[in-house]
Amino acid sequence: MKTALALLAVLGALALGASLCPYPPDMPSGPPLHPPGPRHPLGTDDLGVDILAQVCHGARVSMAAGLGTAVLAGGVGGVLGAWAGYKGGMADALLMRLVDVLLVLPTLPLLILLAAMLGPGVDRVILVLALLSWPRPARIVRAQVLSLRERTYVKAARLYGAGTWYMLRRHLLPQVGPLLGASMVRLAGYGVVAEASLAFLGLGDPSLRSWGAMLNQATRFPGLYLTPYWRWWVTAPWLALTMLVVALAVLGVGLERLFDPRLRGEGGRGA
Amino acid sequence: MKKGGLRALSVVVTAAFLLTMAACASSRPATAPRVLRLGGGDWGYPAPFAYYPRGPGYYKMLLVFDTLLEKDSRGVTPWLASGWETSGDGMVYTFHLQDKARWHDGKPVTADDVAFTFSYYRKHPPVWPPDLENLERVEVLDEKTVRFHAVRPQANFLEQVGTVPIIPRHVWETVTEPEKFQGPSSVVGSGPFRLESYNREQGTYRFRANPDFWGPQPLVDLIEFVPTGDEVLALKNGDICMGSVPPDALAQFKDDPAYRVIRQPGFWGYRLVFQMEKVPLLSRREARQALAYAIDRAELVQKHARGAGVPGSPGIIPPDHIWYDATVPQYLPDRAKAVSLLGSLGYRDGNGDGYLEGEKGKRLVLGLLTDDKAARLAEIVRQQLRATGIEVKIEAVDMKTRDARIREGQFQMAITGHGGWGGDADYLRERFAPRSSQLNVAAGTPGYRNPRVAELARKQLEEMNPDRRRQIVCELQRLLAEDVPELPLYMTTGYLVYRPALHDHWITAYDHHTPSHSKLSYVAYPVKP
Amino acid sequence: MKGRVLSYLLTLWIVVTVNFLLPRLLPGDPFLFLSGEVGQEAAVLTEEQRQALLSYYGLDRPLAEQYCSYLGMLARGDLGFSIYFKERVASLIWRRLPWSLLVVGGATMLSLGAGVALGAASVWHRGQGLDKGLLLGLLVVGEIPPFLVGMALLVGLAGVMGWFPLGGARTPFATYASFAQSLMDVLQHAALPVAALAVSQVSGFYLLSRNSLVTVLGKDFIRTARAKGVPERLVRNRHALRNALLPIVTRTAMQFGAAVGGSVLVENVFAYPGLGRLMGEAVAARDYPLLQGSFLVLALAVLGANLVADVLYRRLDLRVGSP
């Protein structure tokens, strides 16, 4: 866990320090395909743009994507799941049908459609990812609320006439909070990978300089693996992406173990 | 040793030697079939209604089916038609068919088949449909003579009619749903090769030489198209005999005598289109000229194509085209000129931030629509325009979405890429002065109107004399270069590497970029320099 | 039970409708060719020709009418005719499905086996170096997108070392002396795609089996077994592992359905003729009948797998007891 947090801190620093980079991330500042050296510590890409600058700015994009997805999907999914779990009946059935349908929809054409309809931008990407991933926290929260519903204090509060939103706000959501939080960390990881995959497929916003976009451009380079260029052009964003996702995953696994009552017991220690 | 014994010994030895020779001669294996292997991929069943609309499926179909004319490296040449006569006014064309032409099932190819083909295609257009709008009727004069009547004189009518694949009447006259008809009789053609096997999942084709072919004899017994993950690796392994090699990987083949390198002509290219109706700035010629000066097309070739390309010509017709006019203004990169042109329209960098602003102080921003594959190219264009002070917002969508938006005019500037730049110069008319009744889907430049261009475009289509027509087309190029209704960015050239030991008879049609697409490469047709 | 079936049918109907609408909402249509891939040509159609084609395939009729005729065809079991591939959709899917199943199934089995074994090893040595090392290592490896793994394998093992073929599912035009030889050829071509997918799935199974084992080990019946003096080896293998496997199996069922569509990128890297790649091409070509058909098959696979998982989950709940 500690290493995970340390990694996250490093990447966060990169993201914040992006504006301190001497070279711009979207204009050429050196010879193309230059190997790492004193002026360009991570080398340059095929247009002569500094790779370190791109990695730093890419950190911003990836973190925004992760955070945005986590908050949006977690928030919407959590509330919907809690509401459905609490209300039961029609509302619950409707939600589960919706979840089933969403899980079954083909992602690729959905992505293309949304990309065509919504236009470019980080917010579009986050919206798309949130739309595709809210079922996951919804399900988890719903399951927990279903068991919470039977607790005595909840039943008592209902008898006293507490409204749905009051119940959700006061009692249920705070209880669900920790588990949802752990789930949100996993969502952040999913958001980062999904954004990178979108960008890798070329459907993201090309002016965003995300890590996935860097990989996209690098792997489209004809005959890349017969040249030495991949050693810095592919490795840098790949490493950064891996580090971020791994850190998030480790964090998420640790949190899940901490908060999920089912996983407690002899395995309650953090990683 | 006794003399008699020595003689006997020498007789025995000689006899043994002769016997061995005879044995070797008789047991010499029959010559292995000459097989040509090329990079494949699934492009559809090679029948006239079944190949895929994208890709080289059409050319595989042409190995099996014939057209009246063929194209070699110089121009149009007789093929299924051994000769033809044109009437003076360009309205009547009479073709004589090859005497020995036969279908693969043995029946002779007749003028009746030709007439049937055209009437059938009118009812059931094939995958790449011919433009038959100017064809009034087809007349059968006798078994081997067929006459075409045009509605009006049209300079490229001969080519339009001559490149239509001919199908046999006795097979197709009962077929009502041609795209579902894919049995063995659907590949009965008259061409130099027969389809032996096709596997859709693997993307493999095998064509066997037609022993009864009427024309120049096939040079190989089998042509096989096999799927390759990476063409360079497959070429090195000897899996294929010709492959496309990216410029960075060329070094290992250049100095090796076992390989030869061909540079392909640039007939596939990217262009920048302008939405002149919705963006008032782009409707001004000075603005478009400024963009032409601001975009360094040679740099695009260097950075995007790694040198495997040639800058597009502002006169639209590309440099490798037979009717290219090199005297058109080239708009060599000149930032100062671009800025001054935009300045004449009221755009200046008032606040020194490096960007141009208009009268109200609003920054000049243009949207650039591209597809996901050309996003890199769009990025380089954006960087170049940024250096001139123009801000560009790129939007990358998938290919069909971009096409749909271009067709509906929902863009400001857009980058699109396609082939066919080597074809008949009439595409200038289709792009910049289309007839209202017939809008080619690739055509139309929204908001562009130049009466002189429209007049010349119409004139070149009606001019039957090739030399005069060429002059008109050259003048058209100069006019278009001044107007810049679109900016051809660059044409991809690319390199093909092949092993001459396996096959050395490659012919590229004068208007095409790939020799392996031409059936002339596989038959004993004389190579013209 | 009746309610369950009804709800699944409802979901199915919604899925069918969405799969009908979704392709038609995508911009562009099957006959719009303004551009092409680099070096490729595409059909050049006039506006009239395009309209004629749209009309021939019934694509210019009102949406409601098209929907009704689509439902009618489905009822007859007819998935339609692919506009781009010029073949019946059912036979296109039918021929590609086995290859996808081979790759996805093989990868799932491989990653399941490896994941469970490694998870068990981790639990038996919990807290020690092996556990921590495996956890970190597998997490790292699991997060690498499968297409990157695939590319590395392609270049390294196929390109440089030459141990595996460069692509495809079989050697083209090969004639086999025996079934065994044919099988070897297929396996050799499938090895790298399977490996690429398996590598990315291993960590999921590893984590799940690790957690599940830990949960089971805390149960009373394990304590009883140990108190009874049952040898540790038997406790582990017969009691703990067996009971821990159930949630893993249900998870496998759920993952299997979705993995087919997700193997698009891997199939692309290896030019493998699977269903994922077919769907990718269908989307690019806006081939409505093929899109509808393949989405439906995929949805059925996922729904079916969910149903199986649901049923298994019930049985699991009764056996292991509520958490």
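**First stop: two crossing helices in chain C**

Select H4(C) and H7(C): H4(C) passes H7(C) in a right-handed crossing, meaning that the near helix is turned clockwise from the far one by less than a right angle. H4 covers residues 89–124 of chain C and H7 covers residues 179–217 of chain C; their axes come within 5 Å and cross at roughly 40°. Axes here are lines fitted to C-alpha atoms, for helices over the stretch in contact, and angles run from 0 to 180 degrees between N-to-C directions. Colour the residues where H4(C) meets H7(C) by type, and you will find 21 nonpolar, eight polar and one charged. In this scheme Ala, Val, Leu, Ile, Met, Phe, Trp, Tyr, Cys and Pro are nonpolar, Asp, Glu, Lys and Arg are charged, and the others, Gly among them, are polar.

Before you go on, note that this is a predicted model, in which local features need pLDDT of at least 70, side-chain atom pairs count only at pLDDT 80 or more, and totals for chains, interfaces and linings use all residues. Residues are numbered from 1 along each chain as its sequence is written, while chains are lettered from A and ligands numbered from 1 in the order in which they are written.

**Zoom out to chain C**

Now show chain C as a cartoon: it has twelve helices and zero strands. Helices (H or I, at least four residues) and strands (E, at least two) are DSSP runs, numbered from the N terminus. The C-alpha trace of chain C spans about 85 × 55 × 40 Å along its principal axes. Of its 323 residues, 46% count as buried, that is, with 20 or more other C-beta atoms within 10 Å of their own; 12 or fewer is exposed, anything in between is partly exposed, and C-beta atoms are placed from the backbone.

**Over to the cores**

Next, select Val55(A), Ala82(A) and Leu248(A), the residues with the most contacts inside the largest nonpolar core, which has 296 residues. Such a core is a set of buried Ala, Val, Leu, Ile, Met, Phe, Trp, Tyr and Cys residues joined through C-beta atoms within 7 Å. Helix H8 of chain A (residues 164–201) gives the largest share of this core, 20 residues. Apart from it lies another core of seven residues, including Val216(C) and Leu217(C).

Stay with Leu248(A) for a moment. Beyond four places in sequence, Leu248(A) touches Gly66(A), Val185(A), Ala188(A), Gly189(A) and Val192(A); contact means C-beta atoms, placed from the backbone, within 7 Å.

**A sheet in chain B**

Chain B has 15 helices and 19 strands. Pick out the open, antiparallel sheet of four strands, in the order S4-S5-S7-S6; strands pair if DSSP finds at least two bridges between them. S4 (81–86) and S6 (135–142) of chain B are at the edges with a single partner strand each, so one side of each has no neighbour in the sheet. From one strand to the next, the twist averages 20°. S4(B) is joined to S5 (residues 92–97) of chain B by five bridges; look for Gly83(B) opposite His96(B).

**Last stop: His321(B)**

Finish in the loop between strand S14 (309–311) and helix H10 (335–344) of chain B, where you will find His321(B). His321(B) counts as buried because it has 23 C-beta neighbours inside 10 Å. Leaving aside neighbours within four places in sequence, show its contacts, Trp421(B) and Gly422(B). Gly423(B) is 102 residues away from His321(B) in sequence, yet their C-alpha atoms are 8.1 Å apart.

Key. Contact = placed C-beta atoms within 7 Å.
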